[in-house]
Amino acid sequence: MSRSWQIVLGSPANRRDILKIFRKCREDCGEPFEKAHEAAISRMLVDASAGRIYLVEVRGVPAGFACVAFQQSVIWAGRLAILEKIYPLNGYKGQGLAQRILRAIIGDLENFGPAIVTAYLREGDPLSQIFELEGFSAVPLVRFTDQEFSENDGPVF
């Protein structure tokens, strides 16, 4: 793939494209797209303290998105960036785009100032290799929650 791609910080100006891609992602996973998703995306597009959404474009056409949520951490003494999702659309998968997206996000976050960047992947996720290549360490955790989730819920890359 040539350098004809770019990652654009989400804003109200590209909200429609981001919502369209997120809706497609949910459909591909067999999950509904709800008003709560739209509200969360809209908040992140206007509130820098909530997180960042990135629109991925290939030759000027929306080709995917990525989402990073922020939280304050006492343990890490600052802001924690949680990479929730990297999603290139199906026509762009398998072309090395996910690794390029990850690198671009890490570069942006280094300039933005979180203390640590973390991501949650399911065991066996093919993107695990990309994270390891980019210097991330696998730390096994067990997630506890007071909500019921299906197999497809939660951060997935």
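This is a predicted model: local features need pLDDT of at least 70, side-chain atom pairs count only at pLDDT 80 or more; totals for chains, interfaces and linings use all residues.

**Helix 1 and helix 2**

- Helix 1 runs over residues 15-28 and helix 2 over residues 35-46, and the two pack with their axes 11 Å apart.
- The angle between them is about 140°, so helix 1 and helix 2 sit oblique to each other.
- As for handedness, helix 1 and helix 2 cross in a right-handed way.
- On the helix 1 side, the contact is made by Arg 15, Ile 18, Leu 19, Phe 22 and Arg 26.
- Helix 2 brings His 37, Glu 38, Ile 41, Ser 42 and Leu 45 to that contact.

**Asn 14**

- You'll find Asn 14 in the loop that links strand 1 (5-9) with helix 1.
- Asn 14 has a relative accessible area of 9%, so it counts as buried, the cut-off being under 20%.
- Setting aside residues up to four places away in sequence, Asn 14 touches Val 8, Leu 9 and Leu 55.

**Gly 78**

- Gly 78 belongs to strand 4, which spans residues 78-88.
- Gly 78 is buried too, because its relative accessibility is 14% and buried means under 20%.
- Gly 78 and Pro 114 are 36 residues apart in sequence, yet their C-alpha atoms are 6.8 Å apart in space.

Key
Residues are numbered from 1 along each chain as its sequence is written. Side-chain values use heavy atoms; hydrogens and water are left out. Axes are lines fitted to C-alpha atoms, for helices over the stretch in contact, and angles run from 0 to 180 degrees between N-to-C directions. Helices (H or I, at least four residues) and strands (E, at least two) are DSSP runs, numbered from the N terminus. Angles under 35 degrees count as roughly parallel, over 145 as roughly antiparallel, 65 to 115 as roughly perpendicular and the rest as oblique. A crossing is left-handed if the near helix is turned anticlockwise from the far one by less than a right angle, and right-handed if clockwise. Contact means heavy atoms within 4.5 Å. Buried means under 20% relative accessible area, exposed over 50%, partly exposed in between (1.4 Å probe, protein chains only).
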